Amino acid sequence: MPAADPIVLAISGASAQPLAQRALQLLLEAGETVEVVTSKGAIGVWQAELGIRVPLEPRAQEAFWRDRTEMASGHLRCHRWNDQSVGIASGSFRTKGMVILPASMGTVGRIASGVALDLVERAADVHLKECRPLVICPRETPWNLIHLRNLTTLAEAGARIAPPVPAWYHQPQSIEDMVDFLVIRVFDVLGYDLGNLNRWQGALGRPNSAQADQAE
Ligand SMILES: Cc1cc2nc3c(=O)[nH]c(=O)nc-3n(C[C@H](O)[C@H](O)[C@H](O)COP(=O)(O)O)c2cc1C
């Protein structure tokens with residue numbers, strides 16, 4: 001019996017790195033096998049925003065993510081940002097799909113134009129050509145026309161565009177609640193159910209709905 005196919009989590013250099021960390025934590029907690037590739041841009045954002053140096057070397061990076069996520073479960077394989085000799089760079093390597101969280105506009109633009117300079121772009125290109133699920137979570141605001149056109153091109157090529165946009169209907173009480181909502185909704189696209197989300201059940205499912213009716 002073959003082992004379950006892995007999921008690819010690509011982390012590029014946009015300003016939403018806590019979403020990537022939480023996604024990895026939830027996937028490992030769920031016992032998934034996760035292939036992680038962190039772009040050079042993402043490593044720069046960790047340094048600029050948090051003063052944290054993410055190791056380039058795969059084994060050291062695996063230890064880094066295990067430590068950050070405090071997760072010993074699941075299987076984790078990290079790849080160097082520019083190593084195009086690894087499994088996920090080939091269509092013959094089976095995966096469940098790939099999520100780019102967050103996706104920088106640079107990464108979006110290069111994938112949209114078929115330029116596979118680093119491993120994130122090559123693995124995304126592979127997922128598109130193999131017609132496997134590719135979920136792209138762009139983080140930038142506002143979007144210019146080039147961003148919009150690139151995202152449209154990717155949607156036309158088969159990618160799902162899932163920007164991490166918050167909602168309030170699940171009644172978040174903390175930033176952690178908001179982060180969980182964003183991450184869980186991204187993985188909903190691939191059919192995962194990664195956590196206890198206060199999902200919308202209709203207005204009648206709200207705790208205060210009966211009182212609200214009486215007050216009217
Ligand atoms: C602190 C910081 C935050 C950034 N945030 C974003 C962002 O939210 N979205 C974006 O598209 N680029 C952002 N950038 C710029 C990208 O990191 C930069 O274009 C980088 O070359 C992208 O590389 P990558 O696409 O290979 O990850 C940010 C850069 C820094 C240093």
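1. A definition to start: two residues are in contact if their C-beta atoms, placed from the backbone, lie within 7 Å. An axis is a line fitted to C-alpha atoms, for helices over the stretch in contact, and angles run from 0 to 180 degrees between N-to-C directions. Helices (H or I, at least four residues) and strands (E, at least two) are DSSP runs, numbered from the N terminus.

2. This is a predicted model: local features need pLDDT of at least 70, side-chain atom pairs count only at pLDDT 80 or more, and totals for chains, interfaces and linings use all residues. Residues are numbered from 1 along each chain as its sequence is written.

3. Now look for the open sheet, whose six strands pair in parallel in the order β3-β2-β1-β4-β5-β6; strands pair if DSSP finds at least two bridges between them. At the edges sit β3 (75-79) and β6 (160-161), each pairing on one side only. Strand β1 (residues 7-11) is joined to β2 (residues 33-38) by five bridges, and isoleucine 11 stands opposite threonine 38 in β2.

4. Which strands does helix α5 lie across? Helix α5 (residues 119-129) lies across β1, β2, β3, β4 (97-103) and β5 (134-138), and runs at about 135° to β4.

5. Leaving aside neighbours within four places in sequence, isoleucine 100 is in contact with Ala10, Ser12, Thr107, Val120, Ala124, Ile136 and Cys137.

6. Finally, the ligand. Helix α2 (40-50) and helix α4 (105-112) each supply at least two residues of the shell around the ligand, and α2 gives the most, with seven.
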